[in-house]
Amino acid sequence: MANLRELRDRIRSVNSTKKITKAQELIATSRITKAQNRMNASVPYAEEIQKVVERLASASSLDHPMLSDDGGKVAAVLVISSDRGMCGGYNHNVFKKTAELTKMLEEAGYEVVLYVTGSKGIGYYQFRGTELAGAWSGFSQDPNWDITHDVRRHMIDGFLAGSAGTAKAREGLNDPEQDGVRGFDQVHVVYTEFKSMLSQVARAHQLLPIEPVIENEDFELGDGILEDAGDQPEPDYDFEPDPDTLLEALLPKYVSRSLFSMFLESAASESASRRTAMKSATDNATELVNNLSRVANQARQAQITQEITEIVGGAGALAESGERD
């Protein structure tokens, strides 16, 4: 009876856990659609501003710091993690990619300055005694333009200040009372790229300085056929004001938009990873309940058989006792 009671308690416990994982799965599924819609809605603007910046860069003589590496040896790494758990290997893959990037930069002679978004990332590095130059949390699942403004402006201002200078301190840092934050010469972002509902890949991307796009005379088509770009007419653009002024104004917006798109991709990846993890947990709970129910039924059947055997044996003993009398 004790064994059967334990089995039934275990079944009730697993069923309670199953309700939680199923609810988390449904919530994550509903959030994926919203996250995908936000990603798709941001694509047209991102594509157009990229085209404009590329055209301005080709027509401009401006030597902007965002377009050139001054040879400094301080690199900032922004790690985009989640605020909540129960999302499988989502955070682990980001931390692993960050470790690989940090090792590569340190081997190249860079001093790495670490910035983190997401409570899980903050807790991970603080537990290991890693110093964080900046930390933000509370928006991993639902990033918007206003709430991520501080992160974006901080990374841009720190880069423009350079490793020899400081940028004005902003809210959200570990020490908001400091007079300024140390500048850096490169900005790398580790985030999770959303490929599909079943595939999310941790990526390390150099955000600043912007790597120039080299335009070539040939364009590669789908089947490997090369077509000469010289046969295609090139549009002629007139800029008002001049290209240098426009590029100076648009580059920070371009970088800020690129970083925001990484937040959107990470949010969609987090929901997709949580849905996959919770579905797997729900399926495992269902299988475990079935196995425990089978064992409990076998134990109950064995108990009933034993009781019947004892009753029959007792009745036989009584019958034999009556015959002797």
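Visitor: Which side chain makes a polar contact with the side chain of S82?

Guide: It's the side chain of N91, 2.8 Å away. (A polar contact is a pair of N or O atoms within 3.5 Å; within protein, one must be able to donate a hydrogen and the other to accept it, and residues adjacent in sequence count only if both atoms are side-chain atoms.) Before we go on, this is a predicted model, where local features need pLDDT of at least 70, side-chain atom pairs count only at pLDDT 80 or more, and totals for chains, interfaces and linings use all residues. Residues are numbered from 1 along each chain as its sequence is written, and side-chain values use heavy atoms, with hydrogens and water left out.

Back to S82: you'll find S82 in the loop between β1 and α2 (90-107). (Helices are DSSP runs of H or I with at least four residues, strands are runs of E with at least two, and both are numbered from the N terminus.) S82 has a relative accessible area of 0%, so it is buried. (Buried means under 20% relative accessible area, exposed over 50% and partly exposed in between, using a 1.4 Å probe and protein chains only.) Leaving aside neighbours within four places in sequence, the residues in contact with S82 include Y90, G118, K120, S140 and E270, where contact means heavy atoms within 4.5 Å.

The loop between β1 and α2 also holds M86. M86 is partly exposed, at 41% relative accessibility. Its phi is near 55°, a positive value in a residue other than glycine. For background, most residues other than glycine have a negative phi.

The order β3-β2-β1-β6-β7 describes an open sheet of 5 strands with mixed pairing, and two strands pair if DSSP finds at least two bridges between them. At the edges are β3 (134-136) and β7 (199-208), each pairing on one side only. Strand β1 (residues 74-80) runs parallel to β6 (residues 186-196), joined to it by 5 bridges; A76 stands opposite V187 in β6. On β7, L208 stands opposite V187 too. The β6 and β7 strands are antiparallel over 9 bridges, in a hairpin with 2 residues between them.

The whole structure has 7 aromatic pairs. (Rings of Phe, Tyr and Trp, the last by its six-membered ring, pair if their centres lie within 6.5 Å; planes under 30 degrees apart count as stacked, over 60 as edge-to-face and the rest as tilted.) The rings of F95 and Y124 are stacked, with centres 4.0 Å apart and planes at 15°. F95 sits in helix α2 and Y124 in helix α3 (residues 119-127), so this pair ties together parts 29 residues apart in sequence. F95 is buried at 9% relative accessibility, while Y124 is partly exposed at 27%. Together with Y125, F95 and Y124 form one aromatic cluster. R128 lies over the face of Y124, 3.7 Å from the ring centre. (A charge sits over a ring if NZ of Lys or CZ of Arg is within 6 Å of the ring centre and within 35 degrees of the ring normal.)
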